[in-house]
Amino acid sequence: MFKKILIANRGEIALRIIRACKEMDIKSVTVYSEADKTSPHARYSDEAYYIGESPSSESYLNQKKIISIAKQVGVDAIHPGYGFFSENVEFIKAVEEEGITFIGPSSSSVRMMGTKTAARQLMNQNNVPIVPGSISPINKISEGLEEAQKISYPVLLKSAAGGGGKGMKLVRSENEFAPSFESVKREALKFFADDSVYIEKYIENPKHIEVQIFGDKFGNYVHVFERECSIQRRHQKIIEESPSFYIDNNLRKKITQTALNAAKACGYYNAGTIEFLVDRDFNFYFLEMNTRLQVEHPVSEMISGLDLVKEQINIAAGNELSFQQEDIGISGHAIEARIYAEDPENNFLPSTGKLLDLQLPSGPGIRIDAGFTRGSLISLYYDPLIAKLVSWGKTREEALKRLKRALGEFQIVGVSTNVQFLKAICNNDNFIIGNYDINFIDKEFANENSNNIPDSNDMENAAVIISSLLKMRKSSGEIRTSIMNNNKWTDLQNG
Amino acid sequence: MDEFVVTVNSKKRNVRFLGNSLITVESQEFQHELYHLSGDTYLLKLENKIYEIFITQIDEEKFIISIAGRNIHTIVRTSLKEKAVNLIEQNFPIQNTLEVKAPMPGMIIKIIKKPGDEVLKGDSILILEAMKMENDLKAHISGKIIFINVKEGMAVEKGYSLFTIG
């Protein structure tokens with residue numbers, strides 16, 4: 001087993017990995033930027049090294065610096081977390097070449113899945129259903145028009161190197177095709193430095209369902225069931241669940257088996273996720289493979305009882321998978337809500353500032369993965385994820401009730417958050433009965449006023465009264481500090 | 001008798017302290033107890049309900065009251081002050097005032113002027129740090145600082161109202 005692991009990440013996921021290291025008696029090393037000097041991830045690890053200025057390009061995306069620290073301090077392995085270098089072929093290769101183990105798949109698996117057209121081709125050859133459309137880049141408009149005709153409108157034009165909803169355009173009819181084609185090409189070049197574009201049938205109102213898989217270096221494969229991730233805003237997941245209540249055991253069997261085939265097709269090892277679109281008729285199509293640990297992995301942990309990060313480390317160290325498919329099952333239901341520093345009343349703009357107060361929920365069936373503490377700074381430089389709230393219940397209903405209850409226990413002061421918006425989703429009838437697809441937020445929350453629940457009369461009264469009390473006390477010069485009689489200081493004095 | 005007018009969510013509420021921990025908000029009566037928990041955190045008991053409240057004080061009369069996960073903005077004035085403010089607003093509608101907004105998100109590092117100060121065009125009012133650069137925010141017109149909406153150490157979004165000169 002490894003003696004020492006470097007975590008090339010920050011925030012909650014760095015803490016998540018440190019926790020796994022501690023439980024496995026492995027020393028953890030973190031790196032931190034200027035803006036993260038006071039962040040918990042730097043102080044929870046056994047060793048922490050400053051790597052540069054706040055912008056990611058000078059710190060968490062500084063490949064040379066990270067690898068040179070890894071060599072200097074003598075780590076056996078690097079865990080990339082998610083984002084940053086987690087799916088970067090060049091970084092993985094550089095790590096491999098230094099004789100350090102990358103906790104994740106091989107660079108060749110990542111490369112095979114990195115380009116969408118190449119991945120579609122590979123999946124097509126391995127009997128993994130893909131969304132109908134082209135499996136190689138479209139070079140000429142005439143070629144595209146022909147393909148669109150074949151699969152019928154509406155179609156999606158997508159950047160082959162793209163992701164995250166960028167470099168993508170919906171084309172509803174033939175006369176929209178040419179201008180959209182040029183525009184996606186331009187965008188793809190700008191964002192991904194690659195203007196290859198391909199075409200896909202547009203699936204109307206699909207659900208986003210993904211399968212967690214694991215492979216070891218001995219060719220053993222298992223899946224950890226599916227996650228339902230249809231609650232998204234601008235292609236960003238905000239609520240995820242496991243299992244999906246939309247699919248029955250029969251479809252579950254098919255979709256998980258297909259995911260395993262996809263993983264085998266690229267000789268995959270370590271943790272990975274196969275994303276599918278599922279339409280109204282329960283047809284499912286390969287969307288893409290995420291060759292890393294996902295943000296939403298805790299819901300799979302809650303229903304399976306596994307620790308996915310420990311399993312990742314175990315596999316990277318060259319051990320066989322610690323369990324077999326028949327050893328695990330689905331126990332209960334788990335839901336994750338992502339708490340972001342953003343302002344739902346102001347077009348969800350990121351909100352920055354110091355966390356003056358941070359009180360986190362707890363109690364039965366609640367797990368919190370947070371990357372900050374009271375006094376931490378939420379800066380402009382990184383993802384505005386403050387915490388992940390995960391609830392578990394015997395049934396979906398219980399898990400949802402717990403999630404709602406726990407959302408009410410948050411007290412976050414200093415930045416705006418989406419907590420009230422998440423509560424509004426939990427109170428939405430269609431969400432409660434499970435009637436939703438990836439367009440849920442656009443459909444149900446088109447009106448910005450619906451993003452927030454107004455303050456109750458009781459809360460307004462409390463706010464009014466305390467404001468007056470403080471104003472009165474301040475003007476009469478009363479000291480606000482109250483001293484308790486039975487504290488240690490007085491005991492010491494008396495003793 | 002102490003009387004205050006509190007503005008909350010664009011509504012005005014009259015508050016009276018009647019002694020013996022009795023308070024009225026408009027015509028509703030409340031028995032209250034206040035306990036200072038620590039730092040900026042208080043417990044307020046109203047009748048049979050206890051609230052944990054975190055206070056951010058912006059200036060003499062502006063507060064952000066964080067309660068049950070919500071942040072409620074209040075402006076509190078004595079009744080006398082409220083009357084005076086209303087009178088001024090009625091008789092001297094604010095003219096030639098300039099509301100200065102944050103040109104970019106950042107943090108208020110230093111506030112140089114205070115409300116009531118006379119300033120000349122070009123005077124520095126406060127310093128906003130954004131992207132590791134300190135930006136001097138200056139008066140665009142000469143006049144008097146009417147109010148400053150921020151405090152030192154506070155993070156602001158782009159477009160956040162910083163101060164008003166009139």
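The model is predicted, so local features need pLDDT of at least 70 and side-chain atom pairs count only at pLDDT 80 or more, while totals for chains, interfaces and linings use all residues. Residues are numbered from 1 along each chain as its sequence is written, and chains are lettered from A and ligands numbered from 1 in the order in which they are written.

**Domains**
- Chain A is split into domain 1 (4–103), domain 2 (132–201) and domain 3 (207–451); the bounds come from an automatic or database domain assignment.
- The C-alpha centres of domain 1 and domain 3 of chain A are 23 Å apart.
- Each of these two domains of chain A gives 26 residues to the contact, where contact means C-beta atoms, placed from the backbone, within 7 Å.
- On the domain 1 side, α1 (11–23) and α2 (40–44) of chain A each supply at least two residues; helices are DSSP runs (H or I, at least four residues), numbered from the N terminus.
- α1(A) gives the most to that side, with seven residues.

**Helices α12 and α13**
- α12 (396–407) and α13 (419–426) of chain A pack at about 155°, with axes 10 Å apart; axes are lines fitted to C-alpha atoms over the stretch in contact, and angles run from 0 to 180 degrees between N-to-C directions.
- α12(A) is therefore roughly antiparallel to α13(A) (over 145 degrees).
- Leu400(A), Leu403(A), Lys404(A) and Leu407(A) of α12(A) meet Val419(A), Leu422(A), Lys423(A) and Cys426(A) of α13(A).

Note on methods
Angles under 35 degrees count as roughly parallel, over 145 as roughly antiparallel, 65 to 115 as roughly perpendicular and the rest as oblique.
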